[in-house]
Amino acid sequence: MKTIPAPLQDHLNGELTTLATLVKVTRRDGAVKAFTTHDRDIALGGVTYLADGALSPSAIESRAGLASGNLDIAGMLDSAAINGEDIKAGLYDHARVDIYVCNWAAPADGAVQLRRGWLGEVTLSGGQYVAELRGLHDLLQREIGDYVTPECRHDLGDAQCGVDTGAITVNGTVTGVTGDAVFTDSGRSEADETFAYGKLTWTGGANTGLAMEVKAWDGAARQFTLWLPMPHGVQAGDTYSVYPGCDKRLATCSAKFSNVANFGGFPHLPGIDRLLQYPDSK
């Protein structure tokens with residue numbers, strides 16, 4: 001049950017209301033971004049909600065039972081508070097979102113919270129971002145259990161895998177740049193595909209602190225190719241750390257990491273084609 005401040009309740013009971021939606025986004029790094037649908041900034045609870053036109057929430061849908069409600073938050077990237085680089089850098093992934101409604105003519109009357117949740121998938125399209133809000137009900141929709149697959153179900157370095165990625169991490173410096181996802185390090189000497197599927201973390205440069213998976217490593221050209229371009233430009237002299245990747249196959253687990261004892265796949269389990277076989281006259 002929601003608790004509504006008495007002054008706000010009196011306003012809601014009136015024939016004419018002056019309501020505004022407030023959205024506060026708290027990123028995992030602690031930064032707070034707040035917006036309102038009103039045409040002027042609103043200060044409430046020590047937070048200033050900006051009226052810069054960057055916020056456009058959809059209608060809030062709440063359902064009885066345990067089904068997840070729907071709410072999308074869209075906004076133009078011309079906001080001074082939210083920009084495409086921050087979104088691409090993952091700063092808004094799993095950020096907490098609090099949504100309130102208040103009387104913009106009398107913010108001191110208080111606010112009532114409509115929804116609390118976390119940002120799910122954030123997509124960019126045509127200069128706009130669209131973020132889906134996921135609440136606690138979403139957790140009840142997730143499938144729980146392990147999959148039976150030929151490839152390993154574990155991620156390299158997690159508790160089930162057991163490989164110490166810190167022990168196999170190496171450091172380097174960018175010596176040449178083809179693009180924000182392709183660059184070279186002439187000081188590297190590892191064989192082809194050593195770092196494929198590994199993770200590269202930037203330790204110096206505009207992308208410091210950000211990480212990206214490695215798509216390919218060309219040992220002859222000393223060239224990295226990342227799965228996605230970095231949000232900020234990669235420059236010669238930028239420093240990084242990277243560890244070898246795993247394609248989750250048994251042969252790789254054995255030859256590259258000597259970790260077959262912790263292999264989480266079932267490479268010898270008969271597949272669906274074997275189950276569908278039947279005898280014939282030949």
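The model is predicted: local features need pLDDT of at least 70, side-chain atom pairs count only at pLDDT 80 or more, and totals for chains, interfaces and linings use all residues. Residues are numbered from 1 along each chain as its sequence is written, and side-chain values use heavy atoms, with hydrogens and water left out. The protein chain contains four helices and 16 strands; helices (H or I, at least four residues) and strands (E, at least two) are DSSP runs, numbered from the N terminus.

**Overall chain**

- Of the 282 residues in the protein chain, 33% are buried, where buried means under 20% relative accessible area, exposed over 50%, and partly exposed in between (1.4 Å probe, protein chains only).
- The chain exposes about 16,400 Å², of which carbon and sulfur atoms supply 51%; accessible areas come from the Shrake-Rupley method with a 1.4 Å probe, and for residues only the protein chains shown count as cover.
- Contacts between residues at least 6 apart in sequence join residues at least 24 apart in 57% of cases, a contact being heavy atoms within 4.5 Å.

**The seven-stranded sheet**

- Seven strands form an open sheet in the order E10-E16-E13-E14-E15-E12-E11, with antiparallel pairing; two strands pair if DSSP finds at least two bridges between them.
- Strand E10 (170-173) and strand E11 (176-179) are the edge strands, each of which pairs on one side only.
- From one strand to the next, the twist averages 35 degrees; axes are lines fitted to C-alpha atoms, for helices over the stretch in contact, and angles run from 0 to 180 degrees between N-to-C directions.
- Strand E16 (residues 239-243) is mostly covered, with four of its five residues buried.
- E10 and E16 run antiparallel and are joined by four bridges, and Thr173 stands opposite Thr239 in E16.
- Four bridges also join E13 to E16, again in antiparallel fashion; Trp202 has Tyr240 as its bridge partner in E16.
- Strand E12 (residues 182-184) and strand E15 (residues 223-226) run antiparallel and are joined by three bridges, with Thr225 in E15 as the bridge partner of Val182.

**Pairing of strand E1**

- Strand E1 (residues 19-26) is joined by eight bridges to strand E7 (residues 96-103), and the two run antiparallel; Leu19 has Asn103 as its bridge partner in E7.
- Five bridges connect E1 to strand E2 (residues 32-36), which also run antiparallel, and Thr26 stands opposite Val32 in E2.
- E1 and E2 form a hairpin with five residues between them, and Gly30 in the turn has a positive phi of about 95 degrees.

**Aromatic and charge–ring contacts**

- The structure holds eight aromatic pairs; rings of Phe, Tyr and Trp (its six-membered ring) pair if their centres lie within 6.5 Å, with planes under 30 degrees apart counted as stacked, over 60 as edge-to-face and the rest as tilted.
- Phe195 and Phe224 form a tilted pair, at 5.5 Å centre to centre and with 40 degrees between the planes.
- This pair links distant parts of the chain, 29 residues apart: Phe195 is in the loop between E12 and strand E13 (199-202), and Phe224 is in strand E15. Phe195 and Phe224 are both buried.
- The pair of Trp217 and Phe224 is tilted because the ring centres are 4.5 Å apart and the planes are at 45 degrees; both of these residues are buried.
- Ring pairs link Phe183, Phe195, Trp202, Trp217, Phe224 and Tyr240 into a cluster.
- The charged end of Arg27 sits over the ring of Tyr92, 5.2 Å from its centre; this description applies if NZ of Lys or CZ of Arg is within 6 Å of the ring centre and within 35 degrees of the ring normal.

**Two residues of the sheet**

- Trp202, found in strand E13, counts as buried because its relative accessibility is 2%.
- Not counting residues up to four places away in sequence, Trp202 touches a set of residues including Val174, Phe183, Leu210, Leu226, Met230, Val234 and Tyr240.
- The C-alpha atoms of Trp202 and Met212 are separated by 8.7 Å, with the two residues 10 apart along the chain.
- Gly179 lies in strand E11 and is partly exposed, with a relative accessible area of 22%.
- Gly179 and Gly233 are 54 residues apart along the chain, and their C-alpha atoms are separated by 8.1 Å.
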